[in-house]
Amino acid sequence: CRWKDWEKHSVWVLHGELFILRLSVAKGSMTDDQYRDNYAGALMHRANGLMHMARCANTEDLHEIALPCWDGPRLLRVITAQAVKDLRQSCTLRSEKYGKKSDDPKSSAFYAYQATLRNLADAIEIHAGISGEDPGPTGAAWLRSRADNLALKEARILAACNKGEKLSASDQKNVERDLRLAETATRDVADTSNRGFSNHNQ
């Protein structure tokens, strides 16, 4: 393949955009749970493409990228800010099932939420490297550490949540703390994303 690395990652951006657009058409025929889960996945596809496309373009000393599906070129810092925004929203959507009762013993809600948090950490790190902005002490490294040590990592707590059992005060506090991780990690990340990115969850 003769494509440059940033061009290869742009395919994931396009995939995410198309995924989001198709969901807007199919929303009426889906349950709320189906739409939420698919929308969270679509945002993650687009965000992963955006951040790694920008990362690779940055190594080639590019400052902006123009894709055929966009209305014009966009700065790398704007692209990475959108990736952070997408993953922040994806984390919110994933968190709605985290720690909740599940009738599926093989429910992947915990792993899906953990994976999204880890991807958000990557996006924050890439954005900081390109924009020069300091995300503060609760940045990428902090978020990765917290994602690796979520409360539901403990089998006892995960089993109790899946059964809908009442947790002890300390366990419940830890679960609720996990739900605020994305918000805390992105608190100091400026939203410099521009218009033009589709968002049909409003």
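**Charged pairs, surface and interior**

Guide: Start with a pair: Asp86 and Arg46 are both buried. Keep in mind that this is a predicted model.

Visitor: How far apart are the closest N and O atoms of Asp86 and Arg46?

Guide: Asp86 sits in helix 3 (residues 76-95) and Arg46 in helix 2 (residues 32-59). The two are 40 residues apart, and the pair links distant parts of the chain. They form a salt bridge, with the closest N and O atoms at 2.8 Å.

Visitor: Which residue forms a salt bridge with Arg118?

Guide: The N to O distance in this bridge is 2.8 Å. Arg118 itself is partly exposed, with a relative accessible area of 36%.

Visitor: Is Arg36 buried or exposed?

Guide: Arg36 forms a salt bridge with Asp37, the closest N and O atoms being 3.6 Å apart. Asp37 is partly exposed at 24% relative accessible area. Arg36 has 12%, and the cut-off for buried is under 20%. Arg36 is therefore buried.

Visitor: Which residues are linked with Arg36 in a network of salt bridges?

Guide: Arg36 pairs with Asp37. The network includes that pair and extends to other residues. Linked with Arg36 are Asp33, Asp37, Glu96 and Lys97.

Visitor: How many salt bridges does a search of the whole structure find?

Guide: The search of the whole structure gives 14.

Visitor: What is the area of the nonpolar surface patch made by Leu14, Leu18 and Leu21?

Guide: Take Leu18, which lies in helix 1 (residues 5-26). Leu18 counts as partly exposed because its relative accessibility is 46%, and patch residues need over 30%. With Leu14 and Leu21, Leu18 makes a nonpolar patch of about 250 Å².

Visitor: How many charged residues are in the lining of the largest cavity?

Guide: The search finds 1 cavity of 30 Å³ or more, and the volume of the largest is about 30 Å³. Its lining consists of Ile124, His127, Ala128, Glu133, Asp134, Pro135, Asp188 and Val189. These divide into 4 nonpolar, 1 polar and, for the charged class, 3.

Note on methods:
Residues are numbered from 1 along each chain as its sequence is written. This is a predicted model: local features need pLDDT of at least 70, side-chain atom pairs count only at pLDDT 80 or more; totals for chains, interfaces and linings use all residues. Side-chain values use heavy atoms; hydrogens and water are left out. Patches are made of residues with over 30% relative accessible area and no salt bridge: like charges are joined within 9 Å, nonpolar side chains (Val, Leu, Ile, Met, Phe, Trp, Tyr) within 5 Å. Accessible areas come from the Shrake-Rupley method with a 1.4 Å probe; for residues, only the protein chains shown count as cover. A salt bridge is a side-chain nitrogen of Lys or Arg within 4 Å of a carboxyl oxygen of Asp or Glu. Helices (H or I, at least four residues) and strands (E, at least two) are DSSP runs, numbered from the N terminus. Buried means under 20% relative accessible area, exposed over 50%, partly exposed in between (1.4 Å probe, protein chains only). On a 1 Å grid over the protein atoms alone, a cavity is a set of points where a 1.4 Å probe fits but cannot get out, and a pocket is an open set with protein on both sides within 12 Å along at least five of seven lines; lining residues have an atom within 4 Å of a point. Grid points are joined across faces, edges and corners, and a volume is the space filled by probe spheres set on the points. Ala, Val, Leu, Ile, Met, Phe, Trp, Tyr, Cys and Pro count as nonpolar, Asp, Glu, Lys and Arg as charged, and the others, Gly among them, as polar.
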